[in-house]
Amino acid sequence: MDNIDARIGAARFPFPIPFGWFSIGRLHELPTDLVPAAGESGAVWAFHAVGRELIAWHDGDEYRVADAFCPHLGAHLGVGGRVDDGCLVCPFHGWTYDGTGANASIPFSDRTNAKATLRMYPSDVSDGHLRIWYHPDPAVAPMWEIPGLIGDDMVRCGSADWTVGAYWQEMAENSVDMAHFVSVHGTPALGEVGHVVDDGPFRKVVNKTVYSTPRGDVDGELQVEMYGPGTSVTTFTLFGTVSLLATTTPIDDGQCRVRFDYFHDGDDLSATVAAGFAKEVDRQFEQDVPIWENKRYVASPALSQYERPITEFRAWASQFYAAAP
Ligand code: FES
Ligand SMILES: [Fe+2]
(Lines give C-alpha, C1' and ligand atoms only; values in the text may rest on other atoms or scores of the structure.)
(Ligands and ions follow the chains in the order given, each with its own letter.)
Protein backbone atom coordinates (compact mmCIF):
# COMPACT_ATOMS: atom_id res chain seq x y z
CA MET A 1 0.00 0.00 0.00
CA ASP A 2 1.11 3.58 -0.52
CA ASN A 3 2.79 5.13 2.49
CA ILE A 4 0.14 7.87 2.47
CA ASP A 5 -3.42 6.97 1.57
CA ALA A 6 -4.49 9.89 -0.63
CA ARG A 7 -7.94 8.54 -1.41
CA ILE A 8 -10.69 11.05 -0.67
CA GLY A 9 -12.22 10.28 2.70
CA ALA A 10 -9.47 7.91 3.86
CA ALA A 11 -8.73 8.03 7.59
CA ARG A 12 -6.27 10.77 8.50
CA PHE A 13 -5.04 9.09 11.66
CA PRO A 14 -4.89 5.36 12.44
CA PHE A 15 -5.21 5.27 16.23
CA PRO A 16 -8.28 5.38 18.49
CA ILE A 17 -8.97 7.98 21.18
CA PRO A 18 -6.13 7.62 23.70
CA PHE A 19 -6.67 6.74 27.34
CA GLY A 20 -5.74 9.10 30.15
CA TRP A 21 -6.99 12.03 32.18
CA PHE A 22 -8.84 14.69 30.21
CA SER A 23 -10.17 18.09 31.25
CA ILE A 24 -13.87 18.49 30.67
CA GLY A 25 -13.74 22.15 31.56
CA ARG A 26 -12.51 24.81 33.92
CA LEU A 27 -14.50 24.82 37.14
CA HIS A 28 -15.58 28.43 36.74
CA GLU A 29 -16.93 27.68 33.26
CA LEU A 30 -19.10 24.70 34.20
CA PRO A 31 -22.87 25.35 34.33
CA THR A 32 -23.51 27.54 37.36
CA ASP A 33 -26.36 25.34 38.61
CA LEU A 34 -24.25 22.16 38.62
CA VAL A 35 -23.06 22.50 42.22
CA PRO A 36 -26.06 22.56 44.55
CA ALA A 37 -26.75 25.43 46.91
CA ALA A 38 -27.12 24.35 50.55
CA GLY A 39 -30.20 22.18 51.01
CA GLU A 40 -30.89 22.01 47.28
CA SER A 41 -30.02 19.74 44.38
CA GLY A 42 -27.84 20.70 41.47
CA ALA A 43 -28.56 20.24 37.79
CA VAL A 44 -27.46 17.54 35.36
CA TRP A 45 -25.04 18.67 32.66
CA ALA A 46 -24.89 16.91 29.29
CA PHE A 47 -21.77 17.19 27.15
CA HIS A 48 -19.58 15.36 24.64
CA ALA A 49 -16.03 14.16 25.32
CA VAL A 50 -13.79 11.16 24.57
CA GLY A 51 -16.13 10.11 21.78
CA ARG A 52 -19.07 9.66 24.13
CA GLU A 53 -22.29 11.28 25.27
CA LEU A 54 -21.68 12.05 28.92
CA ILE A 55 -23.40 13.66 31.87
CA ALA A 56 -22.11 15.19 35.07
CA TRP A 57 -23.79 16.01 38.32
CA HIS A 58 -22.66 16.99 41.80
CA ASP A 59 -23.93 14.85 44.65
CA GLY A 60 -23.17 17.43 47.34
CA ASP A 61 -19.68 16.05 47.98
CA GLU A 62 -18.12 15.65 44.58
CA TYR A 63 -18.62 15.71 40.85
CA ARG A 64 -19.89 12.52 39.26
CA VAL A 65 -19.47 11.78 35.56
CA ALA A 66 -21.28 8.99 33.72
CA ASP A 67 -22.47 7.78 30.34
CA ALA A 68 -25.60 9.69 29.38
CA PHE A 69 -28.05 6.85 28.75
CA CYS A 70 -30.18 5.09 31.32
CA PRO A 71 -29.48 1.34 31.46
CA HIS A 72 -33.20 0.68 31.95
CA LEU A 73 -34.67 1.70 28.58
CA GLY A 74 -32.17 4.20 27.26
CA ALA A 75 -33.47 7.67 28.15
CA HIS A 76 -30.92 10.48 27.99
CA LEU A 77 -30.29 11.31 31.64
CA GLY A 78 -29.18 14.83 30.79
CA VAL A 79 -32.50 15.73 29.16
CA GLY A 80 -35.02 16.10 31.94
CA GLY A 81 -32.95 14.16 34.48
CA ARG A 82 -32.49 15.65 37.93
CA VAL A 83 -30.59 15.10 41.15
CA ASP A 84 -32.47 14.14 44.29
CA ASP A 85 -30.65 13.62 47.57
CA GLY A 86 -27.37 13.13 45.69
CA CYS A 87 -28.85 10.48 43.37
CA LEU A 88 -29.51 10.91 39.69
CA VAL A 89 -33.18 10.48 38.74
CA CYS A 90 -34.02 9.31 35.21
CA PRO A 91 -36.75 11.39 33.51
CA PHE A 92 -38.40 8.37 31.86
CA HIS A 93 -39.47 5.95 34.65
CA GLY A 94 -37.82 7.53 37.68
CA TRP A 95 -35.14 4.93 38.39
CA THR A 96 -32.37 6.45 40.51
CA TYR A 97 -28.59 5.98 40.48
CA ASP A 98 -26.13 6.71 43.26
CA GLY A 99 -22.67 8.25 42.92
CA THR A 100 -21.11 4.88 42.10
CA GLY A 101 -23.53 4.36 39.21
CA ALA A 102 -25.49 1.64 41.02
CA ASN A 103 -29.26 1.55 40.78
CA ALA A 104 -30.53 2.97 44.07
CA SER A 105 -34.30 2.66 43.65
CA ILE A 106 -37.07 1.69 41.24
CA PRO A 107 -40.55 3.19 41.60
CA PHE A 108 -43.25 0.66 42.65
CA SER A 109 -40.60 -1.93 43.47
CA ASP A 110 -38.90 -2.88 46.72
CA ARG A 111 -35.87 -4.19 44.84
CA THR A 112 -33.06 -2.63 42.85
CA ASN A 113 -31.62 -4.03 39.64
CA ALA A 114 -27.90 -4.84 39.63
CA LYS A 115 -27.87 -4.92 35.83
CA ALA A 116 -28.93 -1.28 35.80
CA THR A 117 -25.48 0.15 36.40
CA LEU A 118 -24.26 3.39 34.88
CA ARG A 119 -20.77 3.51 33.48
CA MET A 120 -18.94 6.02 35.68
CA TYR A 121 -15.73 7.93 34.95
CA PRO A 122 -13.31 8.65 37.81
CA SER A 123 -12.99 12.41 38.17
CA ASP A 124 -10.55 14.77 39.78
CA VAL A 125 -10.30 18.50 40.35
CA SER A 126 -6.94 20.23 40.14
CA ASP A 127 -5.42 23.40 38.70
CA GLY A 128 -8.95 24.74 38.24
CA HIS A 129 -10.04 21.94 35.89
CA LEU A 130 -12.48 19.06 36.25
CA ARG A 131 -10.78 16.02 34.74
CA ILE A 132 -12.05 12.55 33.97
CA TRP A 133 -10.20 9.30 33.49
CA TYR A 134 -11.08 7.63 30.20
CA HIS A 135 -10.09 4.17 29.04
CA PRO A 136 -11.99 2.17 26.42
CA ASP A 137 -12.20 -0.66 28.96
CA PRO A 138 -14.38 0.53 31.88
CA ALA A 139 -12.64 -1.97 34.15
CA VAL A 140 -9.28 -0.21 33.84
CA ALA A 141 -8.81 2.10 36.84
CA PRO A 142 -6.64 5.23 36.53
CA MET A 143 -3.09 4.14 35.73
CA TRP A 144 -1.49 7.37 36.96
CA GLU A 145 -2.41 10.52 38.82
CA ILE A 146 -1.81 14.11 37.81
CA PRO A 147 -0.39 16.15 40.67
CA GLY A 148 -1.28 19.81 41.14
CA LEU A 149 0.87 21.35 38.43
CA ILE A 150 0.62 25.08 39.04
CA GLY A 151 2.01 26.40 42.33
CA ASP A 152 -0.13 28.57 44.61
CA ASP A 153 2.31 31.43 44.11
CA MET A 154 1.67 31.57 40.36
CA VAL A 155 -0.69 34.27 39.06
CA ARG A 156 -3.26 33.36 36.43
CA CYS A 157 -2.96 35.83 33.58
CA GLY A 158 -4.99 34.67 30.62
CA SER A 159 -6.56 31.82 28.76
CA ALA A 160 -7.56 30.73 25.27
CA ASP A 161 -9.69 27.90 23.88
CA TRP A 162 -10.04 26.24 20.51
CA THR A 163 -11.91 23.35 18.97
CA VAL A 164 -9.55 21.83 16.44
CA GLY A 165 -10.29 19.18 13.83
CA ALA A 166 -7.15 17.23 14.61
CA TYR A 167 -5.71 14.49 16.78
CA TRP A 168 -3.92 14.85 20.10
CA GLN A 169 -0.76 13.08 18.98
CA GLU A 170 -0.41 15.12 15.81
CA MET A 171 -0.64 18.35 17.78
CA ALA A 172 1.71 17.21 20.56
CA GLU A 173 4.30 16.04 18.03
CA ASN A 174 5.01 19.68 17.23
CA SER A 175 6.80 19.98 20.58
CA VAL A 176 9.76 18.12 19.06
CA ASP A 177 9.33 19.24 15.45
CA MET A 178 11.97 21.94 15.48
CA ALA A 179 11.97 22.68 11.75
CA HIS A 180 8.33 23.79 11.73
CA PHE A 181 9.11 26.56 14.22
CA VAL A 182 11.16 28.21 11.48
CA SER A 183 8.98 27.44 8.46
CA VAL A 184 5.54 27.89 10.04
CA HIS A 185 6.19 30.29 12.92
CA GLY A 186 9.13 32.27 11.62
CA THR A 187 11.54 31.71 14.52
CA PRO A 188 14.94 32.98 13.45
CA ALA A 189 16.95 29.74 13.63
CA LEU A 190 16.55 26.00 13.91
CA GLY A 191 16.20 25.11 17.59
CA GLU A 192 17.43 21.97 19.20
CA VAL A 193 15.62 19.29 21.18
CA GLY A 194 17.73 19.19 24.30
CA HIS A 195 17.20 16.95 27.27
CA VAL A 196 14.36 14.42 27.06
CA VAL A 197 13.17 12.33 30.00
CA ASP A 198 10.55 9.65 29.36
CA ASP A 199 9.08 8.26 32.55
CA GLY A 200 6.08 6.03 31.82
CA PRO A 201 3.15 8.32 30.96
CA PHE A 202 5.22 11.41 31.78
CA ARG A 203 7.62 13.12 29.43
CA LYS A 204 9.83 16.15 29.84
CA VAL A 205 11.54 17.92 26.97
CA VAL A 206 13.81 20.93 27.27
CA ASN A 207 14.20 22.79 23.99
CA LYS A 208 16.68 25.49 23.28
CA THR A 209 15.26 28.13 21.00
CA VAL A 210 16.01 31.61 19.81
CA TYR A 211 13.43 34.31 20.48
CA SER A 212 13.07 37.49 18.52
CA THR A 213 12.59 40.30 21.02
CA PRO A 214 12.61 44.07 20.61
CA ARG A 215 16.14 43.87 22.01
CA GLY A 216 17.25 41.42 19.33
CA ASP A 217 17.48 37.64 19.24
CA VAL A 218 17.77 36.03 22.65
CA ASP A 219 18.54 32.41 23.55
CA GLY A 220 15.81 30.95 25.70
CA GLU A 221 14.74 27.63 27.13
CA LEU A 222 11.35 26.08 26.78
CA GLN A 223 10.50 23.13 28.99
CA VAL A 224 7.50 20.98 28.10
CA GLU A 225 6.21 18.45 30.63
CA MET A 226 3.50 16.06 29.47
CA TYR A 227 1.27 14.14 31.88
CA GLY A 228 -0.20 11.59 29.54
CA PRO A 229 -2.04 12.66 26.41
CA GLY A 230 -4.36 15.28 27.92
CA THR A 231 -2.26 17.67 29.95
CA SER A 232 1.02 19.51 29.59
CA VAL A 233 2.84 22.37 31.24
CA THR A 234 5.16 24.51 29.16
CA THR A 235 7.55 26.61 31.21
CA PHE A 236 9.26 29.50 29.55
CA THR A 237 12.21 31.05 31.30
CA LEU A 238 13.67 34.20 29.90
CA PHE A 239 13.60 37.10 32.37
CA GLY A 240 11.14 35.43 34.74
CA THR A 241 8.98 32.32 34.73
CA VAL A 242 5.85 31.97 32.66
CA SER A 243 3.84 28.75 32.53
CA LEU A 244 1.25 27.48 30.12
CA LEU A 245 -1.09 24.76 31.33
CA ALA A 246 -2.51 23.16 28.19
CA THR A 247 -5.26 20.57 28.18
CA THR A 248 -6.31 18.64 25.11
CA THR A 249 -9.54 16.69 25.24
CA PRO A 250 -10.64 14.43 22.39
CA ILE A 251 -14.30 15.20 21.68
CA ASP A 252 -14.78 12.59 19.00
CA ASP A 253 -12.62 10.92 16.41
CA GLY A 254 -10.85 13.81 14.74
CA GLN A 255 -11.84 16.71 16.98
CA CYS A 256 -10.24 18.06 20.14
CA ARG A 257 -11.00 20.84 22.58
CA VAL A 258 -7.80 22.66 23.56
CA ARG A 259 -7.66 24.94 26.59
CA PHE A 260 -4.67 27.14 27.46
CA ASP A 261 -4.21 28.77 30.88
CA TYR A 262 -1.29 31.14 31.38
CA PHE A 263 0.45 31.92 34.67
CA HIS A 264 3.43 34.02 35.75
CA ASP A 265 5.50 34.11 38.90
CA GLY A 266 4.09 37.40 40.19
CA ASP A 267 6.99 39.60 39.20
CA ASP A 268 6.14 42.79 37.22
CA LEU A 269 8.60 41.91 34.48
CA SER A 270 7.21 38.37 34.33
CA ALA A 271 3.72 39.80 33.89
CA THR A 272 4.91 41.75 30.86
CA VAL A 273 6.80 38.76 29.46
CA ALA A 274 3.75 36.55 30.08
CA ALA A 275 1.50 38.83 28.04
CA GLY A 276 3.91 38.72 25.11
CA PHE A 277 4.47 34.97 25.49
CA ALA A 278 0.72 34.24 25.53
CA LYS A 279 0.15 36.35 22.44
CA GLU A 280 2.98 34.62 20.59
CA VAL A 281 1.98 31.09 21.65
CA ASP A 282 -1.66 31.71 20.69
CA ARG A 283 -0.49 33.09 17.35
CA GLN A 284 1.72 30.05 16.74
CA PHE A 285 -1.10 27.68 17.69
CA GLU A 286 -3.39 29.30 15.14
CA GLN A 287 -0.68 29.04 12.50
CA ASP A 288 -0.47 25.30 13.17
CA VAL A 289 -4.22 24.68 12.92
CA PRO A 290 -4.55 24.55 9.10
CA ILE A 291 -1.64 22.10 8.94
CA TRP A 292 -3.15 19.88 11.66
CA GLU A 293 -6.66 20.01 10.25
CA ASN A 294 -5.61 18.84 6.81
CA LYS A 295 -2.57 16.62 7.28
CA ARG A 296 -2.48 12.84 7.30
CA TYR A 297 -0.45 10.73 9.65
CA VAL A 298 2.54 9.20 7.90
CA ALA A 299 3.31 5.94 9.66
CA SER A 300 6.72 5.61 8.12
CA PRO A 301 7.84 9.18 7.54
CA ALA A 302 10.75 10.40 5.47
CA LEU A 303 12.81 12.23 8.10
CA SER A 304 15.90 14.38 7.95
CA GLN A 305 18.95 13.58 10.06
CA TYR A 306 17.95 15.94 12.90
CA GLU A 307 14.41 14.59 13.29
CA ARG A 308 15.04 11.51 15.40
CA PRO A 309 13.12 13.14 18.33
CA ILE A 310 9.95 12.71 16.26
CA THR A 311 10.44 8.94 16.17
CA GLU A 312 11.15 8.94 19.92
CA PHE A 313 8.04 11.00 20.63
CA ARG A 314 5.92 8.53 18.65
CA ALA A 315 7.32 5.61 20.62
CA TRP A 316 6.31 7.37 23.86
CA ALA A 317 2.86 8.32 22.53
CA SER A 318 2.11 4.75 21.42
CA GLN A 319 1.57 3.63 25.03
CA PHE A 320 -1.79 5.46 25.25
CA TYR A 321 -3.74 3.38 22.75
CA ALA A 322 -5.71 0.31 23.69
CA ALA A 323 -8.05 -1.81 21.65
CA ALA A 324 -11.69 -1.58 22.69
CA PRO A 325 -12.54 -4.50 25.00
S1 FES B 1 -35.25 4.65 30.88
FE2 FES B 1 -34.50 5.44 32.70
S3 FES B 1 -35.89 4.78 34.19
FE4 FES B 1 -36.61 3.90 32.37
FE1 LIG C 1 3.71 24.95 16.14
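Helices (H or I, at least four residues) and strands (E, at least two) are DSSP runs numbered from the N terminus.

A word on the ground rules: this is a predicted model, in which local features need pLDDT of at least 70, side-chain atom pairs count only at pLDDT 80 or more, and totals for chains, interfaces and linings use all residues. Residues are numbered from 1 along each chain as its sequence is written, chains are lettered from A and ligands numbered from 1 in the order in which they are written, and side-chain values use heavy atoms, with hydrogens and water left out.

On a 1 Å grid over the protein atoms alone, a cavity is a set of points where a 1.4 Å probe fits but cannot get out, while a pocket is an open set with protein on both sides within 12 Å along at least five of seven lines; lining residues have an atom within 4 Å of a point. Grid points are joined across faces, edges and corners, and a volume is the space filled by probe spheres set on the points. The structure holds two cavities of 30 Å³ or more.

| Space | Volume | Lining by class |
|---|---|---|
| Largest cavity | about 90 Å³ | 11 nonpolar, three polar, two charged |
| Second largest cavity | about 40 Å³ | six nonpolar, three polar, no charged |
| Second largest pocket | about 240 Å³ | six nonpolar, two polar, seven charged |

For the classes, Ala, Val, Leu, Ile, Met, Phe, Trp, Tyr, Cys and Pro count as nonpolar, Asp, Glu, Lys and Arg as charged, and the others, Gly among them, as polar.

The largest cavity has about 90 Å³ of space. Of its 16 lining residues, Pro16, Ile17, Pro18, Tyr167 and Trp168 are the closest to the centre. Helix H1 (168–172), strand E17 (241–252) and strand E18 (255–264) each supply at least two residues of that lining.

The second largest cavity is lined by residues including Met178, Phe181, Val182, Thr209 and Val210. Helix H2 (178–183) and strand E14 (202–213) each put in at least two lining residues, and H2 gives the most, with three.

Over to the strands: an open sheet of four has the order E2-E3-E4-E9, with antiparallel pairing. Strands E2 (45–49) and E9 (120–121) are the edges, each pairing on one side only. Two strands pair if DSSP finds at least two bridges between them; E3 (residues 52–58) and E4 (residues 63–67) are joined by five. One of the bridge partners in E4 is Tyr63, which goes with His58.

Last, the cysteines. The structure holds zero disulfides, a disulfide being a pair of cysteine sulfur atoms within 2.5 Å. Cys90 is buried at 5% relative accessible area, whereas Cys157, at 32%, counts as partly exposed, in between the two cut-offs.

Technical notes:
Buried < 20%, exposed > 50% of the residue type's maximum accessible area, 1.4 Å probe, protein only.
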